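Take a walk through the model shown here.

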Amino acid sequence: MTQSYRLPSGAPPPEVRFVFDGREMKGRAGDTLAAALLANGVGVVGRSFKYHRPRGVMAAGVEEPNALVTVVRGGGRETPNLRATVVEIYEGLVAWSQNAWPSVGFDVGAMAGWLAPVLGAGFYYKTFKWPVSFWKRVYEPLIRAAAGLGRAPVSADPDRYARRYAHCDVLVIGGGPAGLAAAKAADGRVILCDEQAELGGSLLSRAETTIDGVPARNWVARGLDARVTALTRTTAFGWYPDGMVGLVERVTDHLPSPDPGLPRERLLLVRAKRVVIAAGAIERPLVFPGNDRPGIMLAGAAEIFLARYGVTPGRRAVVATSHDRAWHTAFSLAKAGVAVAAILDTRAEVGPDLRALARDAGIPVWTGTRIVGTGGRNRVRFVETLGAPPVIPCDTVLMSGGWTPSVHLFSQSRGRLRYDADSGVYLPDRSAAAETSVGACAGEFDLAACLAAGHRAGGGEARAFAVEHEPAFGAASPPEPAAPHPLAFVDFQNDVTTKDLAIATGEGFRSIEHIKRYTTTGMATDQGKTSNLNALVSAAAAIGRAVPDVGLTTFRPPYSPVTFGAFAGAARGELFDPVRRTPIDDRDAVFEDVGTWKRAWYFPREGETMHAAVARECRAVRTDVGLFDASTLGKIEVVGPDAAAFLNLLYTGDFESLAVGRCKYAVLLGEDGFVRDDGVIARLSKTRFHVTTTTGGAAFVLNHMEDYLQTEFPALRVWLTSTTEHWAVIGVQGPRAAEVLGPYLENIDLTALPHMSVAEGLFASIPARLFRVSFTGELGFELNVPARFGRAAWGLLRESGATRYGTEAMHVLRAEKGYFVVGQETDGTVTPDDLGLSWTIARRKPDFVGKRSLARPDMRRPDRWQLVGLLSDQVLEEGARVTATDGTSLGHVTSAYRSETQGHPIALALVAGGRSRIGGAVEIPMPNGKIAAQVVPPVSYDPKGERLTAPIATPPPRVSVRLTETPVAVPFTAPCAGVSLSLAPETSRFNIRTSVPLAPPLRAAVHGAHDIFWLGPDEYLAMGDGPPDIVADSIVDVSHRTAAIRLEGAKAAWCINAFCPLDLDDLPPGACTRTVFEKTEIVLWRLSDTIFHIEAARSLVPYVWALLEDARREFLPPPPAC
Amino acid sequence: MLLIPCPWCGPRPEAEFHHAGQAHLTRPAQATDEAWAAYLYLRNNPKGPHAERWRHLHGCGRFFNCRRDTVTDRISGTSAPGAEAV
Ligand SMILES: [Zn+2]
């Protein structure tokens, strides 16, 4: 095809070849796809949503409702629903029209158009109702196949997306004249964004206009200096609280072969001290029958295609308007050689100047007239009018119903809108945020006034701009209601006509929100850009109310579609969530996800099934010895003179009377008396306790304790430190446990270590804490060694021939002992007594959290659900209902396993009045019939616990070895000038609690050989060689809890802001703070402008590292060519 | 994302904080069943200013009181526990 609609020009930009619907065409560099298609005379670019009517390009920007295309880049890159008016062509672009089969020119679905009389508003709701069974199988697939926009891609998105936080003093939204004036006048850090490929907005289509004597196009870049970060192809899509605005930047879509280091899109979350909204206005279509035919276009759009791209919309145009501005479009067209068949103005009176200009241009004019119909199959061929010649032949209709200010961001900022009766539009009234709306979005259309207002809003002194050769805009005219007609389209994208609105109002809908949902006007990707006000005016007229009385639909973000990829950013695939691995992380295991942890589930031998592996692991623990990685258990060090008193208030047991060196099983309740967590608490000294929590409860328990400590019992002198990740924990369980551990212990006498006790000493020459505790019912220990020694300790213990076991065997073993698991046997409604744990409650304590609730009558009812065992001849299903033999519901199964030890299935269940039913029969109804079961005590193995307390024989002689350290593993990192990543050398770390200031708030300080970081008003982290010489209320060794990444380079701060929401300009060298980093927590220390130290929990260092690698990809040098 | 003024750290992004429920509840030393149930379960649900607690969990770790308007989301002030209420 040839570009037969392109005007000749002196030095045309280079030609670009592209393919639309399989046909190769030529355009010009800088064209939008819409401009290039128009240049090639392509009229029909898509089919409409519901009626499959042929549609052409109607607008020139993001408001385009019709020309939606799918762009295919290969390799799974397929993006539907892109506006042809926004897509920029590049060499080799491949685009397809949508919603048409077999082609846009001949479309089978167009018969829906003949059915339009019955497909009106509410048709789907009324028709596809019965029978119900048809909904999923017949109606929905049919509707989905017939209606709808582009197809969703079927393969994973291969592109990378990035997200970052940005901060500025002034954010200017919109790079038209008002926004440019604001950005140029603003001080400090300024971000200016515009959704188009170049800044300038309306100035880009002003060939003759001058500003302060400079041609408007040249004025655009003048005075935009380095303060201003100008972002083009960047849409401000939503306003969020406290001045945070979401921007999405399309980084590579316009490039023929993008740099693979670049993200396709970048989401910017901009926190601005002040926002200037200069979002402009959108031209409204006129509503008349047949106003959707290809060739019918907004007048302003035609002017843009003409002035910016040298493309004429047709050969013979009719201009239909209610507004002065479109007359100038007619004059421009005439000047460019397009025949203008008529100007049809709905107004009776038009100024003499305009008439004179029209006369000079030789254009016939009719006023007080309107279009009542159009004709033409795939392109408009004529219009029918009232008040002008009945039929006017043409191939183009340019319409203008006035301009609607884009107030969506203002409205989202919770500013109040007012209805302006003179212009018939809503305008910003009162700001609720640090925001100023200027230019067309504030109802100001005079160029000089827009520039002056922008300049003032940016912070400049009041001044005037000299504007010349700019056509007068003229007075605004309110939109007029249109009569109901099945082809008078209001919402082009959703195929909503004035008749649909009349149906809705006729059926009693009054609120515009209801009318919107019933007719679908203003929905989907379009969000009512061109249709909102026209729908409002027609609906108001139909129900006989004034426009402002009908209400206004909510402007929800996003204003225009944002890809899921941009929202997700780096958080996909491996980086969707942190993956935490223990310091032991024995990869021979099959792993299961427990929260974000990967826990060893079972250790299959080659060819072994899970069932066989678990049975073997259980057998080993019962008869020999097993090793279990328990490192994920939560650990909290509780230190201070009131430590025991505090634990007495938080847990049900008595810890004042717990002897040093002994452990106690501990149950934590909520204030409502229900079990929240459990664990073992060991007393290391009079003032120091080692508390363990469940894996999943670690963060909750610490928060719960801090809450009570800080706000309910603030007088207690006790301090809490998480040590979860400082320790690697190995369960050594089974009759041979002491024999396996013994040879490596120093200063710990196993024979003097009774069940439920703790000893500190050395394990293989490394300081360790050894607990004699058991969750298996066997003689057992939990060995705690500092995390970097965990893997070596695991390897050393394996040399004894001990069997590794995973969480599945652990569950079977504990269930045999009737030990409950938080979250499995409990669900937030279970009391200690329900679990048979009344013995854990120290009744003489005057107070503990939950005590008062346990005294409520309901907590003591005999028919409460109680933990029991169930005996059946098949493995029950966890969660299955338990009933009496008469079918009465009694409770549910909480745990069920095959028990290797017992030789039959075992189960735990919560059963109403369960303990009184022991010996009785119950049933478990399943889809294939009932399963009979007998209620039994929960403990099925060693009910007296004799194996736990077995005396320990003298262990074998000591073997002298020393464990080696395993550092955190991070992948190789490529050197990069912009930003480099490295692991900081290992060092000692101590968590220090004191009211004596060791460093100023949010700052690091030097104390002797240590760096001291302020973490909170009485909390510091000391880093250096060995323990610091400091006297404090609490000092806890956390050397192995974290590891540190050093980030260095000019782009270091930039990379951190990809995941950290802090304004790093507020973080000068020497500052430090705990903060968030994507989905985890870090301590961030700024050493200099370009060097940062990031302290992250040991298990989370690989996650933080990988995120930083992702962020710096665009700064890496390209890989060497091979 | 709200910007929440921590009494110790100044204004910081909401992502660093955890909401911690209604403020100024008094844990009764003695209570009837009814009064206790009210303490456990009954909370204000105002349309407008609301006294609530937040914790600067991923910051200084402190709990504090905060007055936030539930309609506008605007925070009129924060204070340390025990300090004069905002
Ligand atoms: Zn803070």
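Is His469(A) buried or exposed? This is a predicted model, so every value below is computed from predicted coordinates. At 56% relative accessibility, His469(A) counts as exposed, because the cut-off for that class is over 50%. His469(A) sits in the loop between strand 29 (467-468) and strand 30 (489-491) of chain A. Its backbone deserves a look too. Phi of His469(A) is positive, near 60 degrees, and the residue is not a glycine. Most residues other than glycine have a negative phi, and most peptide bonds are trans.

His24(B) is not a glycine either, yet its phi is positive, at about 65 degrees. Look for His24(B) in the loop between strand 3 (18-22) and helix 1 (33-41) of chain B.

Now turn to a peptide bond. Pro557(A) and Pro558(A) are joined by a cis peptide bond, with omega about -5 degrees. Pro558(A) belongs to the loop between helix 15 (547-550) and helix 16 (564-568) of chain A.

Next, go inside. Helix 5 (residues 177-185) of chain A is largely enclosed by the rest of the structure, because nine of its nine residues are buried. Among them are Pro177(A), Gly179(A), Leu180(A) and the charged residue Lys184(A). What do the buried residues of helix 5 of chain A pack against? The strands in contact are strand 8 (161-173), strand 9 (190-193), strand 12 (228-231) and strand 15 (265-277) of chain A. Helix 6 (216-219) and helix 11 (447-458) of chain A also pack against these buried residues.

Empty space comes next. Rolling a probe the size of a water molecule over the atoms shows where empty space is left. The structure holds nine cavities of 30 Å³ or more. The largest cavity has a volume of about 350 Å³. It is lined by 26 residues, and those closest to its centre are Gln527(A), Gly528(A), Lys529(A), Asn532(A) and Phe555(A). Strand 25 (403-405), helix 13 (512-519) and helix 14 (532-542) of chain A each give two or more residues to this lining. Helix 14 of chain A gives the most, with four residues.

Over all chains, the count comes to 22 aromatic pairs. One of them joins Phe237(A) and Tyr240(A), edge-to-face, at 6.5 Å centre to centre and 65 degrees between the planes. Phe237(A) is buried, with a relative accessible area of 1%. Tyr240(A) is partly exposed, at 26%. Ring pairs link Phe237(A) and Tyr240(A) with Phe567(A) into a cluster.

Trp1054(A) and Phe1115(A) form another edge-to-face pair, 5.1 Å centre to centre, with 85 degrees between the planes. Trp1054(A) lies in helix 24 (residues 1052-1056) of chain A, and Phe1115(A) in the segment after helix 25 (1101-1111) of chain A, so the pair ties together parts that are 61 residues apart in sequence. Trp1054(A) counts as partly exposed, at 23% relative accessibility. Phe1115(A) is partly exposed as well, at 22%.

Arg164(A) lies over the face of Trp1054(A), at 4.2 Å from the ring centre. Elsewhere, the charged end of Arg622(A) sits over the ring of Tyr941(A), 3.8 Å from its centre.

Key: Residues are numbered from 1 along each chain as its sequence is written. Chains are lettered from A and ligands numbered from 1 in the order in which they are written. This is a predicted model: local features need pLDDT of at least 70, side-chain atom pairs count only at pLDDT 80 or more; totals for chains, interfaces and linings use all residues. Side-chain values use heavy atoms; hydrogens and water are left out. On a 1 Å grid over the protein atoms alone, a cavity is a set of points where a 1.4 Å probe fits but cannot get out, and a pocket is an open set with protein on both sides within 12 Å along at least five of seven lines; lining residues have an atom within 4 Å of a point. Grid points are joined across faces, edges and corners, and a volume is the space filled by probe spheres set on the points. Rings of Phe, Tyr and Trp (its six-membered ring) pair if their centres lie within 6.5 Å; planes under 30 degrees apart count as stacked, over 60 as edge-to-face and the rest as tilted. Buried means under 20% relative accessible area, exposed over 50%, partly exposed in between (1.4 Å probe, protein chains only). A charge sits over a ring if NZ of Lys or CZ of Arg is within 6 Å of the ring centre and within 35 degrees of the ring normal. Contact means heavy atoms within 4.5 Å.
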